2 protein chains.
Amino acid sequence: MKNILILGAGRSSSSLIEYLLKAASEYNYTVTVADTSLESARQKTRNHPHSKAILLDIRDQSETEKEIKQADLVISMLPAFLHPTIATQCVKYKKHMVTASYVSPEMKRLDEEAKKAGIILMNESGLDPGLDHASAMRVIDRIKADGGKLTLFKSYTGGLIAPESDNNPWGYKFTWNPRNVILAGQGTAKYIENSKYAFIPYHRLFTRTEKIYIDSLGYFEGYANRDSLNYRSIYGIDDVQTILRGTLRKPGYCEAWNVFVQLGMTDDSYIIPDSEKLSIREVVESFLPQKRGDTKTKLAEYIGIPMDGDIMAKLEWLGLFEDTRLKINNASPALILQTLLESKWNLTAGDIDMIVMQHQFEYELRGALYKLNSSLVVIGDGFVYTAMAKTVGLPVGIITKLILERKIKLTGVQTPTVKEIYEPLLKELETLGIRFKEREG
Amino acid sequence: MKNILILGAGRSSSSLIEYLLKAASEYNYTVTVADTSLESARQKTRNHPHSKAILLDIRDQSETEKEIKQADLVISMLPAFLHPTIATQCVKYKKHMVTASYVSPEMKRLDEEAKKAGIILMNESGLDPGLDHASAMRVIDRIKADGGKLTLFKSYTGGLIAPESDNNPWGYKFTWNPRNVILAGQGTAKYIENSKYAFIPYHRLFTRTEKIYIDSLGYFEGYANRDSLNYRSIYGIDDVQTILRGTLRKPGYCEAWNVFVQLGMTDDSYIIPDSEKLSIREVVESFLPQKRGDTKTKLAEYIGIPMDGDIMAKLEWLGLFEDTRLKINNASPALILQTLLESKWNLTAGDIDMIVMQHQFEYELRGALYKLNSSLVVIGDGFVYTAMAKTVGLPVGIITKLILERKIKLTGVQTPTVKEIYEPLLKELETLGIRFKEREG
């Protein structure tokens, strides 16, 4: 009997818990789901005979330690800043740990101790980071093994709405944390193109998109993520000539989103005084030069967009020029925008989400240049087992099983960039319908 | 005999020390100038019989305390973050203190103790903050006393090059801290116009300038400072309908500076890898989309400026498209730009600087609307007694004298927004040629 302790029973844990409960009788697991809401934990375990739902506040250190001591492996689906504390206890009690978060410097420092304790601290085991690493490294390692030399790597991911639920002019709804969508891209995008460093400041980011074609879905647009440079060392491709990671949106989204960036409405660094008294139109006015005329006309002139084009249609559909009061106290521009969008981009009954990922490779092999795309499309199974929950939770679940079954024997701080992890992970994911399709040329 | 201790003998202390040494025999002062460079201190005191030049490192607490104990008043021209420590000792030993820096929260907390000790902690006694407060409050208080109601207050200040030394296409040279010029305006400008809050994000700031006319000098352009909102409470004009503080430049500067903002070259938040190997043209290229063509043509297209206009002339004059290597390791874009500009905008022998300030007021009085401008132009007296050194140092010196002569009897944390300070300050400044000129209509 193996005891698995899952900390956190939020939305992103649904597919993970479902997967482990399905495996529980065959592999003899007991799955304990701990949350600050016992109700949430119980909704996920649904009285499954191999499950326990418990109330646990991670701030109660002695209770947390008690639970960790009883487990063979701990999965933390809590916010990332809590992981180092839990990892320290996992090292102390010699328990494996799995998270879907980036390796933090604090986590990295536990590597030696974890190795001494003979346990794995497994991170970046979800979608992004996680599945992106695994699927990219499988191709990169194969090219290397064949004697090829990678010259270009671009990788795009989007958490989007599925075509059957795509019924608004933006081609977008909130299928994940809205705040992250509002603040996406702030800072400077850094990448390498043809062996030259390239930088895009935030206020230019959404004007510099690329077209990405996905079989059966058609065209998307991709904008560059903040830091693509790190991935050279992570993927062992330090001399790659082009490296770019980006985010996918439906065509037309970025040029319309750029209006908010240009106005300054995605800024989260200050509070708009008396924000509760302002209508959304008045908030827009506060970013425009004062002069006579209606808000829409002034905005079109200030930003330099046509009065009757697709961009304006998207803005009007949001009700941006209406005198609707949002009534939020002490709100930043970003929070006001988020509140407006949450009333328009919310999922409604029956809405289905979708994850799209595409890696693009170019490599030299025996004097010739080759191109290869590897693409993934995952459609959600309704409101609970969303594409996002599946692509985050199933890799975490599979890696957990691989560790407990000793298929992964690595110790210390790890990510799924190594063959011992990505090969069995991707293989099992394919049996669950999560499969990358490759296309040459 | 009164002992004045001046901490810091940098460039901005020259006019201050000169002023106090001139007053020394009449008022029986001994002026002690303390600096980490004894040479610097001696250059400023020049063996004046009423002076002492000493070596002092403020980090040596016991030496600093010894000097403070011997003084009647301490002037700190050190970086602002050091003031609270010195102020704490001034309170302990019951010594007055004068600085040209903004009141920090730490300084503010010493108000009660300073009052108990019977001493003044006098801040914001230079140009901006300082002279701006004094000159604005004199007019604001007069309008109030006459029964008027202020409806508009705009105030612009510029540290510029004097017309006789203005011989480059930018109409600008570094007469003060270059780094502050590069980073100027970052964040969001906040002000009030016609009772409505207005916000300008940094990437739009230099496109939204106003024309400002100064008698005998002609037109300038002003861009909004980061926070004008605070000045409502500072000046006691909470219900003013329009309030804006801004920075002055010669016409054409802002539209050309905007090119750097648009590219992202004023960003100080990250390091450009291998910066020492890149030429300035290559740095510009890293901000442009990659395609065939020369850098100048691509930049003109990307930013949307003419190939042969004034903006391009300014950029070419800087050598922005030349393959000059700046050879700075680990440089941010902002540092690279600063290094380029320091080689072009440096002061040369005989260059004269200039301070320009203009307050604009509108007020209602007995049913009628009035307009009033109050403007100051100060031209430097050569390389040492610059306009900047005079307008920062003379107010500090005069206020020091007023405190020691008991003309200012206030205690606690103060700024020159009150009549007891600004009236004698402005009166004596006028005898030294620093005089605001008012113009109605």
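Two residues are in contact here when heavy atoms of theirs lie within 4.5 Å. The model is a predicted one, and this meaning of contact is used throughout what follows.

By that criterion, and leaving out residues up to four places away in sequence, A:L315 touches A:W170, A:A256, A:V259, A:F260, A:L299, A:I305, A:L320 and A:F321. A:L315 belongs to the largest nonpolar core, a set of 127 residues. Along with A:W257 and A:L299, A:L315 has the most contacts inside that core. The element that gives the most to this core is a helix of chain B: α16 (residues 387-404) supplies 10 residues. There is also a second, separate core, with 126 residues, and it includes A:V378, B:V181, B:Y202 and B:L248.

The next topic is how the two chains are arranged.

Where the chains meet, 29 residues of chain B and 29 residues of chain A take part in the contact. Between them the chains bury about 2,600 Å², and 50% of this is on carbon and sulfur atoms. On the side of chain B, the residues that lose the most area to chain A are B:F199, B:R204 and B:Q290, which together make up 25% of what that side buries. Of the interface residues of chain B, 100% are also interface residues in chain A, so the copies meet through the same surface.

Within chain A, 7 strands form an open sheet with parallel pairing, in the order β3-β2-β1-β4-β5-β6-β15. At its edges are β3 (51-55) and β15 (412-414), each of which pairs on one side only. From one strand to the next the twist averages 20 degrees. At the β15 end of the order, 3 bridges join strand β6 (residues 120-122) of chain A to β15(A), and these two strands run parallel. In this pairing A:L121 stands opposite A:V413. Helix α1 (residues 14-27) of chain A lies across β1 (2-7), β2 (29-35), β3 and β4 (73-76) of that chain, and runs at about 155 degrees to β2(A).

Chain B has an open sheet of 7 strands as well, with parallel pairing and the order β3-β2-β1-β4-β5-β6-β15. Here β3 (51-55) and β15 (412-414) of chain B each have a single partner strand, so one side of each is left without a neighbour in the sheet. Neighbouring strands are turned by 20 degrees against each other on average, direction ignored. Strand β1 (residues 2-7) of chain B pairs with β4 (residues 73-76) of chain B in the parallel sense, over 4 bridges. One of the facing pairs there is B:I6 with its bridge partner B:I75. Helix α1 (residues 14-27) of chain B packs on the sheet and touches β1, β2 (29-35), β3 and β4, its direction making about 155 degrees with that of β2(B). Another helix of chain B, α2 (residues 38-45), lies across β2 and β3 and runs at about 170 degrees to β3(B).

Chain B also contains antiparallel pairings, which involve strand β11 (residues 218-224). Strand β10 (residues 210-214) of chain B is joined to β11(B) by 5 bridges, the two running antiparallel. B:I214 stands opposite B:G218 in this pair. The hairpin of β10(B) and β11(B) has 3 residues between the strands, and B:S216 takes a positive phi near 75 degrees in it. A further 4 bridges join β11(B) to strand β12 (residues 242-249) of chain B, again antiparallel. There B:E221 has B:R249 as its bridge partner. Of the 7 residues of β11(B), 6 are buried, so this strand is largely enclosed by the rest of the structure.

A last stop is B:P333, found in helix α15 (residues 333-342) of chain B. Is B:P333 buried or exposed? Its relative accessible area is 0%, and residues count as buried under 20%, so B:P333 is buried. Leaving aside neighbours within four places in sequence, B:P333 is in contact with B:G264, B:M265, B:D267, B:Y270, B:I272 and B:F287. Of these, B:Y270 is 63 residues from B:P333 in sequence, with 7.6 Å between their C-alpha atoms in space.

Methods. Residues numbered from 1 in each chain as written. Chains lettered and ligands numbered in written order. Predicted model: local features only at pLDDT ≥ 70, side-chain atom pairs only at ≥ 80, totals over all residues. Heavy atoms only, no water. Pairing = 2+ DSSP bridges. Axes fitted to C-alpha atoms, helices over the stretch in contact; angles between N-to-C directions. Core = buried A, V, L, I, M, F, W, Y, C linked by side-chain atoms within 4.5 Å. Buried < 20%, exposed > 50% of the residue type's maximum accessible area, 1.4 Å probe, protein only. Buried area = accessible area lost by both parts, 1.4 Å probe.
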